[in-house]
Amino acid sequence: MARVGGEWGFKGRGIWGFSYKKTTLLVCSINIVVALYVLRSLYGSLYIYSDRDTRPTFEYTPDQIRKMEESVRIRKAAEPVELIRLVKALKKELYREVAVELPQPLKLKMTNDIIDRLKTLRPNANITEQREVVERWCKEKLKEAKQLAVETEASNSTVLHEEAEMLVKALESDSTWLLEDLGLWIPPEIRNTEHHDKPEGEEEELDDQILPGRPLPPECHAEVHTDYDGAAVRWGLTHHKDSAADCCQACLDQAKRAKPNEKRCNIWVYCPSETGCHSPDIYEHKLGECWLKYAETPKLNFKDKYPESYRNRHPSAPLVVPWASGIVGAR
């Protein structure tokens, strides 16, 4: 403390004799030491946790390691390396001979054409219908490409002529490769072939099929392996019943409730087969379908077996008629 102008005052020192500069340096030093300590603590904890995470939960014994290495060696030795190599080479060679690399814009246009064609099908179209549409598209596109190749050759249009020739080659070689290259794959159709062990010339006897479910009353006049024709009073595609007796009862009920200007059911047709029932239309007929029909004079569609001429026209048709039918009311 010094006296200035007759008054006592401080000259840059604190009460205890420290200058402001020294005090500031001391506080900063303490802060730096604390910060370094905190950083060291954080780094140490991170190192500990990372070391715990990377450390394996258990260690294999030398015997276990030896057995694993032996297992890997045996698997590698058992691989048919040569066969795999030959198959890959064969696939590559076949692809080189068959496949034609089409320009990406042409692929995109063809893909959109196929999608638009498939959209014309009903929502629940089966695999056979989809395949028929795609095959028809391939034939039409091949004819169009051949005609375009001739026209562009006459008009000296190099780009269009080359694309048309490439498309013709791709469609003529194997359309399956082309469709897979476009990203379209349709599973192959599976046909179930019936095998008969009886000697040739001997007629196969029809099984006396017992219709599942409750017994049918006499007024149903049930006939197995029978399909009657008639105008549909109720479509079986959306009308399923648990048994033939229930289907017959539905026909009887409809006939009672029908208004004077409506057709009264006098024919019921039921599908009792778990694998579905054949019909020459485009629909898939499943177990439980119950068709209610009307005919002034009921006539048979098929009885017992499908004729050979019919099966020649419809290769997927079975030998025996799977439907069960009956005529109710006056006979």
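Which residue does a disulfide join to Cys251? In this predicted model, the partner of Cys251 is Cys265, with an S to S distance of 2.0 Å. The link of Cys251 and Cys265 is left-handed, with -105° about the S-S bond. Cys251 belongs to helix H8, whereas Cys265 sits in the loop between H8 and strand S6 (267-270); the pair thus links distant parts of the chain, 14 residues apart. Cys251 and Cys265 are buried.

The structure contains four disulfides, and their pattern, with bonded cysteines counted along the chain, is 1-3, 2-8, 4-5, 6-7. Another disulfide, with an S to S distance of 1.9 Å, connects Cys220 and Cys248. Cys248 is located in helix H8 (residues 244-257) and Cys220 in the loop between helix H7 (175-181) and strand S3 (222-224), so this pair ties together parts 28 residues apart in sequence. The torsion about the S-S bond of Cys220 and Cys248 is about -95°, and the disulfide is therefore left-handed. Cys220 and Cys248 are both buried.

A further disulfide is formed by Cys247 and Cys290, whose S to S distance is 2.0 Å. Cys247 lies in helix H8 and Cys290 in strand S7 (residues 290-294), so the pair ties together parts that are 43 residues apart in sequence. This link of Cys247 and Cys290 is right-handed, with 85° about the S-S bond. Cys247 has a relative accessible area of 0% and is buried; Cys290, at 0% relative accessibility, likewise counts as buried.

Accessibility was also computed for Cys28 and Cys138. Cys138 is buried, with a relative accessible area of 9%, while Cys28 counts as partly exposed at 38% relative accessibility.

How values were computed. Residues numbered from 1 in each chain as written. Predicted model: local features only at pLDDT ≥ 70, side-chain atom pairs only at ≥ 80, totals over all residues. Heavy atoms only, no water. Disulfide = S-S within 2.5 Å. Helix = DSSP H or I, 4+ residues; strand = E, 2+ residues; numbered from the N terminus. Buried < 20%, exposed > 50% of the residue type's maximum accessible area, 1.4 Å probe, protein only.
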